[in-house]
Amino acid sequence: MYSEFIIETPLDMHLHLRDEDMLKLVAPLTSKNFSAALIMPNLNPPITTKKDLLNYKERIKKASKNENFEPLMTIFFQVDYSYEFLKEIKDEIIAVKLYPFGVTTNSETGVASMDVEILRPTLQSMEKLGIPLCVHGETKGFIMDREKEFLPIYESLAINFPKLKIMMEHISSKESIDLLKKYDNLYATITIHHLLLTLDDVLGGMLNPHNFCKPIVKRPDDRDALLQLVLNAHPKVMFGSDSAPHQKENKECHHGSAGVFSAPIALQALTQLFEKYNKLDNLNKFLSLNAQKIYNIKAKKKLIKMIKKDFTIPKSYKYNNEEVIPLFSNETLSWSIES
Ligand code: DOR
Ligand code: ZN
C-alpha cells in the first residue's frame, strides 16, 4: 500500500494549449506539474511557418508562468514543405503533425489525400532529417471504424519510410495495437479518456458532451486492450493526454466540438489507475521514460509528489470569459498532488 508516490519528470506528448485567454487559462495547469509537453499546431490558422512557430512558443512560455516547463513545438504538415524549410526549422520542432482533411477540430487545411506518392517528397525529407511524424489516424468513414480504416495507411507509411518515426496518436482500438507491434518505426500515444471511458460514457445514458472526442472512445474490449499495454508500460507507448479544451458553450450546444479537457487531472487519475492494478512501478515509464527513449530527448528533471488524499475535481476552470469543464468534473479521485 502506497501512501505517497514520486512521479519523476512527467511528460505529456500530445497537448492542445490554444491561444489568447484560453492559453492563459490552460497553460499553467500543465506547466506546473509537467516537465514538458508536445504542443499541437492546430490553431486557426494552423502553425506552418517558422515565424508563427517561434511567436507561439513565446506566448506559451509567457502564459505558462513556470521556468521549469518546456513546450516541445510541432508544425502542421503541408505537402509543399521543402527540404530546405524543414532543415531550417528542424531544431525548433520535435515533430510534424499530420491531420487528414476535415477529421477533427481545425483540420480544414489538413491533407486532402493520404496517397503515399503525394506525401512522399515531404516524408522523405523528414526521414532524411530525422524529424518524427505525428498522425491523427482516422478516415471519414463510420465513426466507430475510422481508426481501423486508417490502419492500412499507417502500414504503407511504415513500409515506405522505414527510417521515419511515426507516432500513431491517441490510439483507441485493439486493432491499432496489433499494427503498432508489427513495425519497428511505429509508436503510439494513449490518452486517459481512452483508458477509462467507453462509448457508454458519452451516450449510453444521458448525453455527456464533455466525453465526446475524436477518435471517439470505443468498446470495453478496446479500452481493456489499451489498459494492458499501458499498465505494462509497453516501450512503444507513451502518455499523450490530447487534453483539448473548448469553451463550455461550444461543448454544450448543437454542433458541439470534439475534445476532452483532462490536463489538470491527468497525474491524479493515472496514479489512481496504476495503483488500482498494482502497477505503480510502471507509471514513470509510461509518463516519462518511454517518451524520452522514443523521441531521443533528455527532459529536465521535475519531481512531483503524489499523496493518497482525496482530490475533488473542480466543476470548471475559468479565466475572463473562458470556462472549461474538465474530465470527471466535480468527481473525487483518491490521489492529490502535494502543493
Ligand atoms: O477530440 C479531439 N479534439 N481530437 C482531436 O484530434 C483534436 C482535438 C481538438 O483540437 O479539439
Ligand atoms: Zn489532439
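Mentor: A polar contact is a pair of N or O atoms within 3.5 Å; within protein, one atom must be able to donate a hydrogen and the other to accept it, and residues adjacent in sequence count only if both atoms are side-chain atoms. This is a predicted model, in which local features need pLDDT of at least 70 and side-chain atom pairs pLDDT 80 or more, whereas totals for chains, interfaces and linings use all residues. Residues are numbered from 1 along each chain as written, chains are lettered from A and ligands numbered from 1 in the order written, and side-chain values use heavy atoms, without hydrogens or water.

Trainee: Which residue has a side-chain N or O atom 2.8 Å from an oxygen atom of ligand 1?

Mentor: An oxygen atom of ligand 1 is 3.0 Å from a side-chain N or O atom of His136. The distance of 2.8 Å from a ligand oxygen to a side-chain N or O atom belongs to Arg18.

Trainee: What percentage of the area exposed by ligand 1 alone does the protein bury?

Mentor: A nitrogen atom of ligand 1 lies 2.8 Å from a polar backbone atom of Lys214. Taken alone, ligand 1 exposes 290 Å² (Shrake-Rupley method, 1.4 Å probe; for residues, only the protein chains shown count as cover). The share of this area that the protein buries is 100%.

Trainee: Which residue has its backbone nitrogen 2.9 Å from a polar atom of the Glu147 side chain?

Mentor: Leaving aside neighbours within four places in sequence, Glu147 is in contact (heavy atoms within 4.5 Å) with residues including His170 and Pro215. The backbone nitrogen 2.9 Å from a polar side-chain atom of Glu147 is that of Ser172.

Trainee: How many residues apart are Arg59 and Asp19?

Mentor: The two side chains meet in a salt bridge of 2.8 Å, N to O. Arg59 lies in helix H2 and Asp19 in the loop between strand S2 and helix H1. Their separation, in residues, is 40.

Key: Salt bridge = Lys/Arg side-chain N within 4 Å of Asp/Glu carboxyl O. Helix = DSSP H or I, 4+ residues; strand = E, 2+ residues; numbered from the N terminus.
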